[in-house]
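I jotted down what I looked up, in the order I got to it.

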Amino acid sequence: MPEILSTCPYCGVGCGVSVSVLDDDVKTVLATPTHPANYGRLCSKGSNLKETLLSVRDGNRLTHPVVYGEAVSWSEATQTIARKIEQSIAQYGRDSVAFYLSGQLLTEDYYVANKLMKGFIGTANVDTNSRLCMSSAVAAYKRAFGSDSVPCCYEDLDVADLIVLVGSNAAWTHPVLYQRMVAAKANNPNMRVVSIDPRQTATNDLVDLHLPLLPSTDGFLFQGLLRYLIQTDGIDQGYIDRHTDGFEAAANSAEAMSLERVSRETGLDQSLVQTFFDWFLATPKTVSFYSQGINQSATGTDKCNAIINCHLATGRLGYAGAGPFSITGQPNAMGGREVGGLANQLAAHMDFSSGDIDRVQRFWNSPRIANEAGLKAVDLFEAVAEGKIKVLWIMATNPAVSLPNSNKIRAALEICPTVIVSDVTHTDTSDFADIVLPALGWGEKDGSVTNSERRISRQRAFRQAPGSAKADWWAITQVAHQLGFQEYFPYQSPHAIFVEHAALSGFENQGSRAFDISGLSDLSELEYQELTPIQWPVTATHPQGTDRLFEDGQFYTASGRAQFVSGKPKKIQAKKAEFILNTGRLRDQWHTMTRTGAVPALTVHDPLPFVQINPEDALTLGIKHHQFVQVSNVLGRVVMRAEVSQSIASGQLFSPIHWNQQFATHAVVCNLIESVVDPVSGQPESKAAIVAIEPYDCGQWVYVVSRAPIDKHAWVYWAESVVDAGLATLVGTNAKVDWRQWVLNTSDSDLTITQYQNPIDESEVIAAYQQDQLEILLFVAVDASRLPSLTWLNQLYANPQLVPWSDLLRGEAGGADELICSCFGTTRKAIELSIDGGTSSIEELSSTLGCGSKCGSCKPELNYLIANR
Ligand SMILES: Nc1nc2c(c(=O)[nH]1)N[C@H]1C(S)=C(S)[C@@H](COP(=O)(O)OP(=O)(O)OC[C@H]3O[C@@H](n4cnc5c(=O)[nH]c(N)nc54)[C@H](O)[C@@H]3O)O[C@H]1N2
Ligand SMILES: Nc1nc2c(c(=O)[nH]1)N[C@H]1C(S)=C(S)[C@@H](COP(=O)(O)OP(=O)(O)OC[C@H]3O[C@@H](n4cnc5c(=O)[nH]c(N)nc54)[C@H](O)[C@@H]3O)O[C@H]1N2
Ligand code: SF4
Ligand SMILES: [Mo]
C-alpha cells in the first residue's frame, strides 16, 4: 500500500505521520517511527487524524467559492476580490486593505500572501493569529538575541537535568514532547521537573515541584531568581563579560526582589520559591520551557526576557540540555515568523530598516513596498471597527472566536464593506463573509511547515479535494494575477514558492540574519517532494541543518552580544467579589473545534463548555458541581457548566477556549477578554479577565441524543456534540414543554415511545423507537447536576437493550461515567473497577483495558486515578 509521509496539522511539536492510502481511501494514519520530532509517538489528536478526515460535521465543508451568497467560479471570485482591492486603494488608499493570516497556513501560502500585501498592494497591514500566540516570545528573542531565533532543540529535553515548565500544560498541549520528558526522566533519576502555573494541570503528573503562583506574577519570580543567582554566586561572570551587555541594569532592577518580596507578590510559600531557586542554581543543564501562561500577558515580553536573563546570567544556552525554549503552538507558527507574517516584520527575518526595505524590494523586483510596520491584530480589528479597513481577507483563522472582545470583533466584521474568508469549513467568522473561498484541508494541501525546534517538514497531499476547493497559495496567486502582477507570481506549485523563499533568506545575508535556508534554494521539484525534516539554518557551511544556536556566544545584535532586558513586573488586581478568569486548552480539542469537534472520540472527554471554580468559592456562591453558571463582565457573558475543583485556586476561574456558536449558545470565552495588549509585542492578555460568576438556571435541562440535528432556535441554552450515533444536544428551557409530543413532532414516521419517570427528582427518560431501532433518546432534569454524562448516554443509545433502565429511576445515571482514554474508549468507572480489583499501575491497566497503551495522552489521568482511589 502506498505510504505518504506527512506532518500532523495540529500543534507546534510537528510530529511526522505516515499515511497509507489505497484507491484514494485513507487506510491508516500512524506515527512515523523515524521522524525526529516524535520518533513513532502521537497524541490523542494525532491518533484520531483519520477519523477527523472522514467526519466533516453536517456537510459543513466548504466546496465552492461563494460571492454574496451565490456559488461562483474561481475566476469570478478572484476577479471580484481584485476589483474590490483596486477600488478600495483608489478611493481610500493602500492602508484600507488588510490580510489576517494564520500559523495554520503552510509556509508557501504564507510567503505568497505576505509578498502580495507588502510588496505589491503596498501596505504592511498583514498580521496573523500568531500575534495572539507567540509574538511576545518573538519580541523578547529579538530584544535579547537581535533575532527571532529559538536557541534550543528537542534533544535538549532528553538530556536536561532540570526542566522548568512556565505557563505550559504540555501534557495536553504538546503531548509528544511531554512524553519525551517523561521518558527522559525515567532514564535520568537526577532529572527534575518544575511547573509554574496558577492551576494544577495534568502536567503535574510529571513534576517534582509545582509553583501555583498568583496569576501573572512570573515577572517577580524570575527577577527574584536573577537576584538569588547573583547573591549566591551562581552567575557565570565570564560568559556575562564576553557575550552580553546590560547585566548591571538588570541586576539593579532585580535588586529589590528578595525572597520575601517574591513570596509576597506571587503568593507562593517562601520554601517553594527557595527550592526552585536552589534547583536552578545547582543545575547547569536547565531548560526553561515556556508557553502561553507567559506570552499571553500585558507584560509578556518582559516576562520572556526575565526568563532569558536568568539563562544569560548563568551562560545557560548554546549547549546540550540548556536554554530558554519558547514552545510554539500552531503547526506553522514558525513558518509565519520566517516569511514575515507579522505586521512588524518584512520577510525572511528582515524588518523595516531602510536597508532591509531596499533589499527585499530589489529581490521581489516589486513596483512598491510597504515602508513601515502595519497594524497588529488587535489594532487592525480596531481599524476595521472604525471603518478604516474596507477590504479584509481572513485566512485559516477564526477571529470571531479567538480575538479578545469577540462582540466587538463581530460588530467590526459586520460593518467592514468586504470581508473575504478562506477556510475549510463554515465557522463563526465565515458567517460575516461577503466572499467565501474553499481552501484545501490537511491531506489535500501540499507544502512545508516549521516546528518549535526550527525543523522544516513537508505536509504532503494524499487525497482529492472536494468540489473546487483550492490551495490558499493558488487563490492568492490568482488574485495577484487579476491585479496585474502575473510576472511576479508565476507559481505553478509550492516548490516554486519554497525555493524563492529559501533564496530570499540567503539574499545578501552573509551571516547577518539567523534565518538562512539558502542551502535549500536549489532544490529541484523532486528533491522538494522528497525533502526530509531539517532544522534551519541550512547553509553551505551547514548543509544538514543546525540543531542548536548560539554555541559560539555570537548574537545578531549590533554589538554581537546578547542583551539583558528588564521591565517592571505588574500584577493583575481584582476587587472583592470579582474573579480572574484564566483560559486555555483541553487535551482533545483544537482551538475553535472546526476539526476535532467533529470526532466523537475527541468530544467525549469534555463534551460541554465549562468553567473550573474552587470548592470554597462555589460554596460561598451556592454553585454546585455540574450546575450551570453565567460568567460575565461589561464586555459580555458566557454560560457554562461549573466544574468544582481543587485544581483551581480561590479567586480564580479557568475556562477552555474551544466552544463557539457552531457548538453552543453563549459560549465564546473571548467575549469576556478585554483588548489589553503588551506594549512591545501587541500580544493580548488572554489569560486574565476580570469577571463575575453566578448560578444560571433554566426550568429544565434536557439531553437529546438523535441521529440528525434538532432545531435549536427555541431554546435559551443549547450545546451540541457529536457522538457515535449522531448528535447529543443539551438544551435548557424555561418553557413548559410536553417532551413526549416534542419527540413525536421531530419525525414524520411512526415512533414508539417508552417513558420512565423519577418522581423524586422529577427526572425523566424518553426513548423513541422506530421498529426496533432507538431513534431519539431524551433525559430531562430539573437540576442540571443530575444530568447523565455523555459517555453514559452514548452507551445507552448504542445498546438500549443492555441498559438497566432501573438505574435511571434510582438516579444512578446522574453525573455518571466519563471517558478517560479516547483511543480505547475506556471510561473512569471501568478503570476504577479495575483499580478496586487490585490493579496498581498504568502497565497493568494497559494490558487489561488497553487505556494508556496507544497515544499515552491519558496517562496523567490514569496516574491520578490510581493515586486517589
Ligand atoms: N490539545 C490542544 N493542544 C494544543 C492546542 C489546542 O488547541 N489543543 N493549541 C496549540 C497552540 S496554538 C498553543 S499556543 C499551545 C498553547 O499551549 P499552552 O501554553 O501549554 O496552553 P494553555 O492551556 O493556553 O496555557 C498554558 C497554561 O498557562 C497557565 N497560566 C495562566 N496564567 C498564567 C500565569 O500567569 N503564569 C503562568 N506561569 N501560567 C499561567 C494556564 O493555567 C495553563 O495551564 O497549545 C498548542 N497545543
Ligand atoms: N481567551 C483566549 N483566546 C485565545 C487563546 C487563549 O489561550 N485564550 N489562544 C490564542 C492562540 S495561542 C491561538 S493560536 C488562537 C487560535 O485561534 P484560531 O486561529 O481562530 O483558531 P482555529 O480554530 O485553529 O482556526 C483555524 C481556522 O482555519 C481553518 N483551516 C485549517 N486549515 C486551513 C487551511 O489550510 N487553509 C485555510 N484557509 N483554512 C484552514 C480551520 O477550519 C479553522 O476555521 O486563539 C487565540 N485566542
Ligand atoms: S503532539 Fe499531537 S497534536 Fe502535536 S503534532 Fe504531535 S500528534 Fe499532532
Ligand atoms: Mo497558539
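How do the residues of the shell around ligand 3 divide into nonpolar, polar and charged? I found nine nonpolar, two polar and one charged. My classes: Ala, Val, Leu, Ile, Met, Phe, Trp, Tyr, Cys and Pro are nonpolar, Asp, Glu, Lys and Arg are charged, and the others, Gly among them, are polar.

**Ground rules.** I am working with a predicted model, where local features need pLDDT of at least 70, side-chain atom pairs count only at pLDDT 80 or more, and totals for chains, interfaces and linings use all residues. Residues are numbered from 1 along each chain as its sequence is written, chains are lettered from A and ligands numbered from 1 in the order in which they are written, and side-chain values use heavy atoms, with hydrogens and water left out.

**Ligand 3.** I listed its neighbours, meaning residues with a heavy atom within 4 Å. Among them are the cysteines Cys-8, Cys-11, Cys-15 and Cys-43, together with Lys-45, Pro-175 and Val-176. Two elements give two or more residues to this shell, α1 (44–47) and α8 (175–187); I take helices as DSSP runs of H or I with at least four residues, strands as E runs of at least two, numbered from the N terminus. I noted Cys-8 as buried, because its relative accessibility is 9% (buried is under 20%, exposed over 50%, partly exposed in between, with a 1.4 Å probe and protein chains only).

**Cysteines.** I counted zero disulfides, a disulfide being a pair of cysteine sulfur atoms within 2.5 Å.

**Domains.** An automatic or database domain assignment supplies the bounds. I have domain 1 (3–54), domain 2 (66–133 + 332–535), domain 3 (135–326), domain 4 (579–695), domain 5 (700–817) and domain 6 (820–868). Taken over C-alpha atoms, the centres of domain 2 and domain 5 are 46 Å apart.

**Ligand 1.** I found 32 residues around it, with Asp-197, Ser-216, Ser-291, Arg-585 and Gln-589 among the closest. Backbone atoms took my attention here: Thr-173 has a backbone N or O atom 2.7 Å from a ligand nitrogen, and a polar backbone atom of Leu-586 is also 2.7 Å from a nitrogen of ligand 1. For His-591, a polar backbone atom lies 3.0 Å from a ligand oxygen. Ligand 1 alone exposes 910 Å², and the protein buries 99% of that (Shrake-Rupley areas, 1.4 Å probe).

**Ligand 2.** Which domains each give at least three residues to the shell around ligand 2? I found domain 2 (66–133 + 332–535) and domain 4 (579–695). The shell holds 31 residues, by class 10 nonpolar, 15 polar and six charged. Side chains reach oxygen atoms of the ligand: a polar atom of Lys-445 at 2.5 Å, one of Asp-423 at 2.6 Å and one of Thr-594 at 3.1 Å. On its own ligand 2 exposes 930 Å², of which the protein buries 99%.

**Two last residues.** Ser-647 sits in the loop between β24 (636–644) and β25 (652–656) and is buried at 14% relative accessibility. Leu-796, in helix α27 (790–798), is buried at 2%. Its C-alpha is 9.9 Å from that of Val-705, 91 residues apart in sequence.

Definitions and conventions
Polar contact = N/O pair within 3.5 Å; in protein donor to acceptor, adjacent residues only side chain to side chain.
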